Amino acid sequence: MKQWYQWMALEYFFKRSAPYGAYCLIGGMIVMVTAVLWGGFLTPPDVQQGEAYRMIYMHVPCAAGGMVVYAGISIAALIHWVWRIKLADVCMTAFVPVGAVLTALALGSGSIWGRPMWGAWWVWDARLTSCLILLCLYLGLMALRQSISDGTQAARVCAWVTLIGALDLPIIHYSVNWWNTLHQPATMLAFKAPSIDASMLWPLLLSLFGMALWCIGLGLIRMRTLIIMRYRHLSWVQRYLGGIDAAC
Amino acid sequence: MESHRKRRVITLIAVMLICGLGGAMLLMALRSHIELYLTPTQLLAQQSHLNHTFRLGGFVVMDSVQVLPNQNGIVFQVSDLKHEVKVHYKGILPALFKPGKGVVLSGMWYHGQVEASEVLAKHDENYRPPGLIDPSKIKSR
């Protein structure tokens with residue numbers, strides 16, 4: 001009988017997830033390119049910011065991606081801490097660099113936009129600083145994982161750091177409401193109709209969807225690679241690797 | 001749920017609560033330092049800021065921007081709809097600096113007005129193409 005929790009077993013996950021990573025990654029790339037071209041060339045310029053507002057089609061999906069990936073690894077950390085499921089630890093490890101790159105891109109694209117619009121590359125604003133802390137959390141998790149040689153120990157320590165670090169997420173989200181910041185308040189996630197014209201909103205939603213697909217695809221591929229690297233001594237992994245060797 | 005899992009969940013909730021509470025207290029204590037800028041009302045209330053550099057944020061009052069002769073910079077009023085502060089600035093203005101729009105500047109008090117050393121534009125969260133009516137303005141009327 002097929003049951004959903006079979007997906008939590010490493011072998012079942014590895015064998016059944018094979019094509020989805022590539023599908024999501026390629027699909028995500030196509031959607032992202034479409035959204036950026038649509039937003040970059042076909043939408044009208046903004047009445048105040050002119051052409052420079054088009055950075056939104058890179059900045060917003062990257063920033064949202066960085067935060068959602070962190071929320072995802074926090075859930076994986078919780079599952080790993082309570083139920084000790086190995087796949088949750090694989091997920092936790094695999095998605096960290098993905099989130100780190102997205103957060104770095106969000107900070108970089110925001111900085112490039114900020115220079116002409118605000119008049120400064122960087123300000124120590126609550127939103128910007130809390131995002132920089134998120135990037136430091138990602139980098140710290142990557143370093144922490146490398147620094148502990150015992151895999152079980154590393155997984156537990158990383159789960160704790162991930163979960164405590166998750167307290168930064170509400171701070172990032174509400175920073176623009178709680179304090180006087182230079183960063184503008186939310187355009188889409190406020191409790192009102194989006195304060196962006198529909199012609200600009202659609203490509204933005206498409207870019208968010210593309211980013212989600214791309215993240216899931218990249219994360220799945222990284223999870224599968226990690227499973228091979230970590231559990232190469234298991235007989236079913238050996239058989240899989242043997243099959244590849246024979247095919248070459 | 002088995003007892004050892006229950007214990008792990010309880011430990012986790014307890015640690016998260018303590019860290020969350022600690023973090024919240026830290027942020028409360030640092031509140032005035034986290035704030036990027038003061039509003040004109042806060043600035044006029046906090047006379048302690050008289051002797052050092054502070055950041056001021058608000059709206060540039062319509063028709064208040066005056067360009068001084070002999071390249072002596074510009075003067076304008078910054079308002080939070082309750083109080084207004086007069087600002088003098090000599091330097092390069094960001095692209096989004098416009099009367100009626102948001103501004104954040106750093107400066108010091110000098111002869112009853114703010115002598116700004118840096119002026120940044122604060123952008124709002126509205127995006128629309130040119131030629132369309134601003135939906136937020138329709139609502140306010």
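Select chain B, which has four helices and six strands; both kinds of element are DSSP runs numbered from the N terminus, a helice run being H or I with at least four residues and a strand run being E with at least two. This is a predicted model, in which local features need pLDDT of at least 70, side-chain atom pairs count only at pLDDT 80 or more, and totals for chains, interfaces and linings use all residues. Residues are numbered from 1 along each chain as its sequence is written, while chains are lettered from A and ligands numbered from 1 in the order in which they are written.

Follow chain B along its sequence, and the pattern is α-α-α-β-β-β-β-β-β-α. Of its 141 residues, 24% count as buried, that is, with 20 or more other C-beta atoms, placed from the backbone, within 10 Å of their own.

Next, select chain A, where nine helices and zero strands are found. The C-alpha atoms of chain A fill a box of roughly 60 × 35 × 35 Å along the principal axes. Buried residues account for 36% of the 248 residues in chain A.

Finally, display both chains. Here 30 residues of chain B are in contact with 34 residues of chain A, contact requiring C-beta atoms, placed from the backbone, within 7 Å. On the side of chain B that touches chain A, helix 1 (3-29) and strand 6 (113-122) of chain B are the elements giving two or more residues. Helix 1 of chain B supplies the largest share, eight residues. Colour this side by residue type: it divides into 18 nonpolar, five polar and seven charged residues. Ala, Val, Leu, Ile, Met, Phe, Trp, Tyr, Cys and Pro count as nonpolar, Asp, Glu, Lys and Arg as charged, and the others, Gly among them, as polar.

Technical notes
Two residues are in contact if their C-beta atoms, placed from the backbone, lie within 7 Å. A residue is buried if 20 or more other C-beta atoms lie within 10 Å of its own, exposed if 12 or fewer, and partly exposed in between; C-beta atoms are placed from the backbone.
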